[in-house]
Amino acid sequence: MRITPLDIQQQTFQVKFRGYDREEVQEFLRAVSETVEALVRENADVKERADKLEREAVELRQKEASFNDLLVTTQKMTESLKETARREADLILKEAELKSEELLKHAQADLRDIQRDLQELRKDRVLAIEKMRSFLQMLSKMIAIEEIDTLEGEAPAKNIAGDR
C-alpha cells in the first residue's frame, strides 16, 4: 500500500493510557508529511526530467541513426563517384590511345607515301639525267657529224678553188 502525504496528515491514533504526547506525534506526522510531500514532488520532477532526457536520448539516437545512414550513403556515393570517374578516365585514356594509334597509322601511311614519292622522284631524276646525257651525246654526235660535214664540204671547195 502506498502512503501519500495526505494519508500521513490525516492519520489518527487511538488514545491509550500512558500513550504518546499527541502534539508531539502530530508535529512529527506533519514533518514526515512535508518531507514525503517534498520527496514526492522531487520524485515527480526527477521522473519528468528522466522522461525528458529519455525523449532527448531517443531523438539523439534517431539523429545518430540518420547521420549514420547519411554517412553510409555519402560513402557509397563517394565510392560510386570515384568508380565513375575511374571509368571515365579509363574511357578517355582508351579513346586517346585509339586516336593516337589512328594518328600514328595515318602518319606511317603518309611516310610510306612520301617515301614512295621520293623513290619515284629519284627514279625520275635518274631518268632525266639519262635523257639529258643521251641528248647531250646525241648533240655531241651531231656536232661531230656537222664538223665532219663542214670539213668535208670545205675540202672540195678548196679543190675547186685551187683548181682554178
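**Note on a predicted helical chain**

1. Start with one pair. The side chains of E79 and K82 meet in a salt bridge, at 3.9 Å from N to O. A salt bridge here is a side-chain nitrogen of Lys or Arg within 4 Å of a carboxyl oxygen of Asp or Glu. Side chains of opposite charge can pair when their charged atoms come close. E79 and K82 are separated by about one helical turn, because they are 3 residues apart in helix α2. E79 is partly exposed, at 45% relative accessible area. K82 is also partly exposed, at 42%. The cut-offs are these: buried is under 20% relative accessible area, exposed is over 50%, and partly exposed is in between (1.4 Å probe, protein chains only).

2. A word on the source. This is a predicted model: local features need pLDDT of at least 70, side-chain atom pairs count only at pLDDT 80 or more, and totals for chains, interfaces and linings use all residues. Residues are numbered from 1 along each chain as its sequence is written, and side-chain values use heavy atoms, with hydrogens and water left out.

3. Now the overall build. The chain has 2 helices and 0 strands. The radius of gyration of the chain is 64 Å, well over the 15 Å that the globule rule gives for 164 residues, so the chain is more spread out than a compact globule. That radius is taken over C-alpha atoms, and the globule rule is 2.2 Å times the number of residues to the power 0.38. The C-alpha trace spans about 215 × 25 × 15 Å along its principal axes. Helices (H or I, at least four residues) and strands (E, at least two) are DSSP runs, numbered from the N terminus.

4. Which residues does E83 pair with? It forms a salt bridge with R86 at 2.9 Å, N to O, and one with R87 at 3.6 Å, N to O. Salt bridges that share partners join E83, R86 and R87 into one network. E83 and R86 lie in helix α2, 3 residues apart, about one turn of the helix. E83 and R87 are 4 residues apart in helix α2, again about one turn. E83 is partly exposed at 32% relative accessibility, and R86 is partly exposed at 46%. A search of the whole structure finds 8 salt bridges.

5. How much of the chain is buried? Buried residues make up 2% of the 164 residues. S33 is found in helix α2, which covers residues 22-163. Not counting residues up to four places away in sequence, S33 touches P5, I8 and Q9. A contact means heavy atoms within 4.5 Å.

6. Next, the surface. The accessible surface of the chain comes to about 15,600 Å², and 58% of that belongs to carbon and sulfur atoms. Areas come from the Shrake-Rupley method with a 1.4 Å probe; for residues, only the protein chains shown count as cover. F135, L136, M138, L139 and M142 form a nonpolar surface patch, with about 480 Å² of accessible area together. Patches are made of residues with over 30% relative accessible area and no salt bridge: like charges are joined within 9 Å, nonpolar side chains (Val, Leu, Ile, Met, Phe, Trp, Tyr) within 5 Å. M138, one of the patch residues, lies in helix α2. M138 is partly exposed, at 42% relative accessibility.

7. Last, is F67 buried or exposed? F67 counts as exposed, at 55% relative accessibility. F67 has its place in helix α2. The C-alpha atoms of F67 and A44 are separated by 34 Å, and the two residues are 23 residues apart along the chain.
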